Amino acid sequence: ANTAPLLLLQKTPRIYSVELNGAKDMKQTDKGDGKDKYRGLQDNCLELRKNQRQEHLTKEIDLDDHKLSNKELETKYHTNIVTGLSSTQAAELLARDGPNALSPPKETPEIIKFLKQMVGGFSILLWAGAILCWIAYGIQYSSDKSSSLDNVYLGTVLALVVILTGIFAYYQEAKSTNIMASFSKMIPQQALVIRDSEKKIIPAEQLVVGDIVEIKGGDQIPADIRLLFAQGCKVDNSSLTGESEPQSRSCEFTHDDPLETKNIGFYSTTCLEGTATGMVINTGDRTIIGQIASLASGVGNEKTPIAIEIKHFVHIVAGVAISIGVLFFIIAVSMKYRVLDSIIFLIGIIVANVPEGLLATVTVTLSLTAKRMAKKNCLVKNLEAVETLGSTSIICSDKTGTLTQNRMTVAHLWFDNQIFMADTSEDQLKQTFDQSSGTWASLSKIIALCNRAEFRPGQERVPIMKRVVVGDASETALLKFSEVVLGDVMEIRKRNHKVAEIPFNSTNKFQLSIHKTDDPIDKRFLMVMKGAPEKVLEKCSTIMVNGQEQPLNNSTAEAFYTAYMELGGLGERVLADEFPETYSFDVDAMNFPMSDLCFVGLLSMIDPPRSTVPDAITKCRSAGIKVIMVTGDHPITAKAIAKSVGIISANSETVEDIAKRLNVAVEQVNKQDAKAAVVTGMELKDMSEDQLDEVLTSYPEIVFARTSPQQKLIIVEGCQRQDAVVAVTGDGVNDSPALKKADIGIAMGIAGSDAAKNAADMVLLDDNFASIVTGVEEGRLIFDNLKKTIAYTLTKNIAELCPFLIYIIVGVPLPLGTITILFIDLGTDIVPSIALAYEKAESDIMNRKPRHKKNDRLVNKPLAVYSYLHIGIMQSLGAFLVYFTVYAQEGFRPSTLINLRVEWEKDSVNNLEDSYGQEWIIIALILSYGLGSITALNFTMLRPQYWFVAVPHAILIWVYDEVRKLFIRLYPGSIRDPGLPYSPGFVQNIVWKDVQSN
Amino acid sequence: MAALQEKKSCSQRMEEFQRYCWNPDTGQMLGRTLSRWVWISLYYVAFYVVMTGLFALCIYSLMCTLDPYTPDYQDQLKSPGVTLRPDVYGDEGLDISYNISDNGTWTDLVHTLHDFLEGYSPAAQEDNINCTSDKVFIQESFRAPNHTKFSCKFTTDMLQNCSGLEDPNFGFEEGKPCFIIKMNRIVRFLPSNRTAPRVDCAFLDQHHKDVQPLQVEYYPPNGTFSLHYFPYYGKKAQPHYSNPLVAAKLLNVPRNTEVVIVCKILAEHVTYDNPHDPFEGKVEFKLKIHK
């Protein structure tokens, strides 16, 4: 025929048969969980969890409504398919079963959170100090009614400090939690339900079992429903199973397994197209989704690494404080001090050692970073999670929606015997393949015409890729693709009026439409077809090459199959296209020729990776973080995506790849040669814990495919057994248990389901995996900065402690009272420490290995030693220099001061003689700092020049620290870098001078 | 501490500890090899020696800057404190009570006064010169022996009736006790330029004041500290300096009642109204004489 070639476009729903059985694999895995997964495990705790899971799984299997006939269903739920439940029945059931909503995760009551702040960390120590003070006063008072109120003041101030810092930390935390609360509010969902023979729209929460609901394309399924009637219904189960393919739904019972059968629709999944009527069989927490969500809440929350570090730090400081305190208590008692005085010394030493403001500082620092991260679209739900991301060593990432864009996109084209690559980035503006060929002209026409998808009207100003389309995922992809390449598709379709069509169905596996052409000379009709490649090819006798029709022979057919396999091997969905001329016809009779068509080309589609992901993964790699893909999707797709984003790097091979390359059996391959592994849920099911550990440790690049929610959990646990800090990203309900189990769960903000967001510690508002890298950097920075803060805070402890020790041993007048110490602590702990939170990151922060959970502590020995014994000593010397200077210039030389303590503190000495023979009245309590007098503070105003006496020591500290840094830079690794900041000595030295000196 | 949370048996812990103390594989003792211990100890010794040296240097240079005769600053010591003898402290400050008829209650008080006045015996005051001038005794140069300055004599006999010479019981026996009032020394302090500072004792309690004002006999007469005892040039310049004294003999202390008596020093540069310092420029004491 010399007619314009008719192209046949054909559509393949699936090119790999495995996918059809995919859900089945998964299901079997689930069933097997309880029995096999923990085979041989002795640990009671796990045994317990296993039982819980088993119970959960049993429930799942109990569901047999899909097997029942409509009549049986009616009896079981006492309902009527036509008239629905009566309102009274519904009300009764609602009262019995509760609302149809997932019960939110249990919130800790605010008062508990508040009290936790009051007793956590150092607070206990300070409370003990305060109570000891009051007891001491009580004892003093009972023996001597006129005893001074010093101890009462001290105790009160201590208690106030605890309460104030507690309130402060609580406020900070509450503030950042509030961001989350506003976020989780949702528009209430509505459902169309038949009750009392009437169609009513009610809030989905009020649905009860037995309700008859109607759903249509675009609706979220309001509960678990058994379909009674369906027309062209397709659902997106991706949040439940992780599959991005739409699943068709009908009212036939097709499978024993409730997850697999077509006549059940699941709560919270979306109906993409078509309409359906169904009977509610499960509501709220009893739905499948609800059960998975409750599995998530059953998973205990792990303590965050920073909480562990802070606890460790508190233990160290408390240990130092108490041991020095007790040591000097003993010394004081043996030096014949009164026991009561010794207790006061003990309290003083503890107070000097405890950085009162530090924990508040930590909270402030964390919330500052959380704020900064929120600006970069990382919403942090749990403050401590800010740091966790920094110590993350393994990221288990979900595929769909996290690594990929979660929409089908044309990835490759095959025509003229060549494979062309299409732009799969988010905006698809640069389509670079050769568009000059005549074949392309035909192909593009088919893509535009043989397509039932349409843009929703009124979106002319919206970028093409963001427009809403009515139609299934593949057709949407093709529509958008042709809109980008050709321009206004609707206009083309108008010019080529459609006269007849055969929609796609699963028997034909092709779609066909006949159009009047816009060619004014050629009055013939144009028939276009698309569908599964092999189906389409069957109907072709010619193939178009460079715009010319050529007979389809064996060699061209082979070229077609090669291309088909190659594209299929990339995990992409392949469609083929076509067209010839026509006569009069009747669609129903199919009285037009459906053979001898001309084959034009293949298109392959994929859910493409987000364009920022490969770069982000490279950054994670260089930061020493292992990225593992865990997906419910098929291994081939998973592997293809893993390769394209770099989770499996270009030059690494799996055992299977090596076997294929060397042409040997898989068993013969040396497993050490393989760097990558693709593990399916099936294989995982048969693995023992040790085997899983081995897989996790021996392969740097791992992809887990076809995994169930429970298996995700097992993978996370496996990683945690390697002492790794595990981050899990995900969006679906099926991810939520793993999100909860992970050290840090990261949910997607746009695509993510509520269950995932609830289980997560962090939400990526822009669904961008690259934000995780930002998070890692911020997390590492905050760890470094906290280290600096702590080093800074610890140095001061020695300068506060030494006066006490010298006072006890040498007997100089007390340079620094306990309440004064508290003031200094609160003044210097919080504000200057916060300055350190703004420190910039070191340049190598993202090239370091993640810290080891057990070896790289926040506070380690070198840091403590450096702070206490180096900088702390220098600071103390500076402070003592000020002390001696003040006293000497006022008349008391150092030699006079020694052992002056007794005389100094005696009330009856009103003529204490100094080195010049002057006689002094020593008043114990005086404060004259502008505000009038506060008796509890032993302050007096000093001359301004004393503020500068310690400057040389501050410079000395600065130089010493810079030299240390220089040495670390010159000989990296020779001394463990405690990660210390710029000299902190100055501030305290100055404040320290407010000593009592009258 | 974190280690304690891991589940380990006691023997395992002990073993680990032993291994920490001495690790035969690496030759490490307490986490370091012997040579490393030596090096680190040397470092610390050197570090602390340097630190101590620096501190000593700082203190040494501080001492060099100090004037041996006068303190650099006296801003914390502007007005002298006042002390009382005998000084017996109760719960709140000075609290003196005795029974006339019971010797035992006042011999200690008398004894205190005798002890105190020993420093003012003619023998103790031998090195000091007699001064007669009514003016302040300014000495710019060191004319006294051993590069010192002269100090004026103050001997017990100047206190006459309260000197303990004529009445060894200082009037305690008859219920008219002597109290000795001393002003604290402040280097280069002049209480006033022209008139000598004077002691003034009175009841603090308004009631007693109204009923009958306190009658006091002062020794030396008028209760003045003669100006020639001022200024004080410091311990180094005036090694034998003794504070001038004023004795107040209280004549009409009511019996069997507790009275509060305040003795102020009235002078141009002496303040007695500092609320924080009860002994600045004045001395308060409770007195109760039983019969």
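This is a predicted model: local features need pLDDT of at least 70, side-chain atom pairs count only at pLDDT 80 or more; totals for chains, interfaces and linings use all residues.
Local features need pLDDT of at least 70 and side-chain atom pairs count only at pLDDT 80 or more, while totals for chains, interfaces and linings use all residues; side-chain values use heavy atoms, with hydrogens and water left out. Residues are numbered from 1 along each chain as its sequence is written, and chains are lettered from A in the order in which they are written.

**View 1. Chain B meets chain A.** Here 47 residues of chain B and 49 residues of chain A are in contact (heavy atoms within 4.5 Å). About 4100 Å² is buried between the two chains, with carbon and sulfur atoms giving 57%; buried area is the accessible area (1.4 Å probe) that two parts lose on being put together, summed over both.

**View 2. A salt bridge across the interface.** A:Glu919 and B:Lys182 pair through their side chains at 2.9 Å, N to O. The interface of chain B and chain A holds 4 salt bridges (a side-chain nitrogen of Lys or Arg within 4 Å of a carboxyl oxygen of Asp or Glu). On chain B, the elements giving two or more residues to the side that touches chain A are helices H1 (2–5) and H3 (34–65) and strands E4 (82–85) and E6 (178–183). H3(B) gives the most, 11 residues. Helices (H or I, at least four residues) and strands (E, at least two) are DSSP runs, numbered from the N terminus.

**View 3. A nonpolar patch on the surface of chain B.** Look for B:Phe17, in helix H2 of chain B. The patch also includes B:Trp22 and B:Trp39, and its residues together have about 960 Å² of accessible area (Shrake-Rupley method, 1.4 Å probe, with only the protein chains shown counting as cover for residues). Patch residues have over 30% relative accessible area and no salt bridge; nonpolar side chains (Val, Leu, Ile, Met, Phe, Trp, Tyr) are joined within 5 Å, like charges within 9 Å. H3(B) gives the largest share, 4 residues.
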